[in-house]
Amino acid sequence: MNTIPPIIQVGDVLLSSEILTEKFCCDLSVCKGECCVEGDAGAPVTMDEIAAIEECVDDVWDDLSASAQAVIDKQGVAYTDQEGDLVTSIVGGKDCVFTYYGDIEDWNTHLPIKNCCLCALEKAYRAGRTHFCKPISCALYPIREKQLGGGLTGLNYNRWSVCKMAIAKGIQENLYLYQFLRDPLIRRFGEAWYQELLDTVSELKEQGYL
């Protein structure tokens, strides 16, 4: 098999080849949504997303902790972090203000997952109470997006120790990262772009790179 180039271009998007070669599938039964808690900053957001989130605050307010409510009252739903990026507000230097804890059903085993960290924004959206699900940066994780020069967008695979069981589950399910994140990638770049990505994968297979 040939060595795949480190960067693959699909339209105006430059992807790390790991997005095509690495297997990944979130395992909430193990991590309990730790990516919404760990870290020193909130989730990256755009100005449009901040406006959409602000419209949802009343609908999710009762699901938020008193500490999260206090943070939102004081600084709003987002702030500028040390790197100059807009991110969602956090509580105590950890939890996103829109996290809450509850039980959900494992999509594969149908067994309950107890005390899982979940997103109040997504909960309201899935209940039909709002029209905004959650920031695209959250939906795309562990892919991180970066705006490049010349109208290009870069996508990188962000490896993190809390996601090690997602790698194991991806191998078990034989699911690649670009397949696991199909819906978020379509939400961000569109159906036509994702089909172009699939066509690129097919070409790379034919050429012996995958």
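This is a predicted model: local features need pLDDT of at least 70, side-chain atom pairs count only at pLDDT 80 or more; totals for chains, interfaces and linings use all residues.
**View 1. Domain assignment of the protein.** The assignment gives domain 1 as 1-23 + 141-209 and domain 2 as 30-131. Taken over C-alpha atoms, the centres of domain 1 and domain 2 are separated by 25 Å.

**View 2. Helix H10 and its length.** Helix H10 comprises residues 191-206. Its 16 residues should span 22 Å at 1.5 Å a residue, and the end C-alpha atoms lie 23 Å apart, which agrees. Following H10 is Gly-208, which has a positive phi near 85°.

View 3. Trp-193, Tyr-194, Leu-197, Thr-200, Val-201 and Leu-204 are the buried residues of the helix. They cover an arc of only 110° around the axis and therefore lie on the same side of H10. In an α-helix there are 3.6 residues a turn, so residues three or four places apart point the same way. The exposed residues Glu-191, Ala-192 and Glu-206 are carried on the face of H10 turned away from its buried side.

**View 4. Elements covering the buried residues of H10.** The cover includes two strands, E1 (7-10) and E2 (13-16). Helices H1 (18-21), H8 (177-180) and H9 (182-189) are also among the covering elements.

**View 5. The surroundings of Thr-200.** Thr-200, a residue of helix H10, has a relative accessible area of 14% and is buried because this value is under 20%. Leaving aside residues up to four places away in sequence, Thr-200 touches Ile-8 and Val-10.

Methods
Residues are numbered from 1 along each chain as its sequence is written. Side-chain values use heavy atoms; hydrogens and water are left out. Helices (H or I, at least four residues) and strands (E, at least two) are DSSP runs, numbered from the N terminus. Buried means under 20% relative accessible area, exposed over 50%, partly exposed in between (1.4 Å probe, protein chains only). Contact means heavy atoms within 4.5 Å. Domain bounds come from an automatic or database domain assignment. The expected span of a helix is 1.5 Å times one less than its number of residues. The arc is that of the directions from the helix axis to the C-beta atoms.
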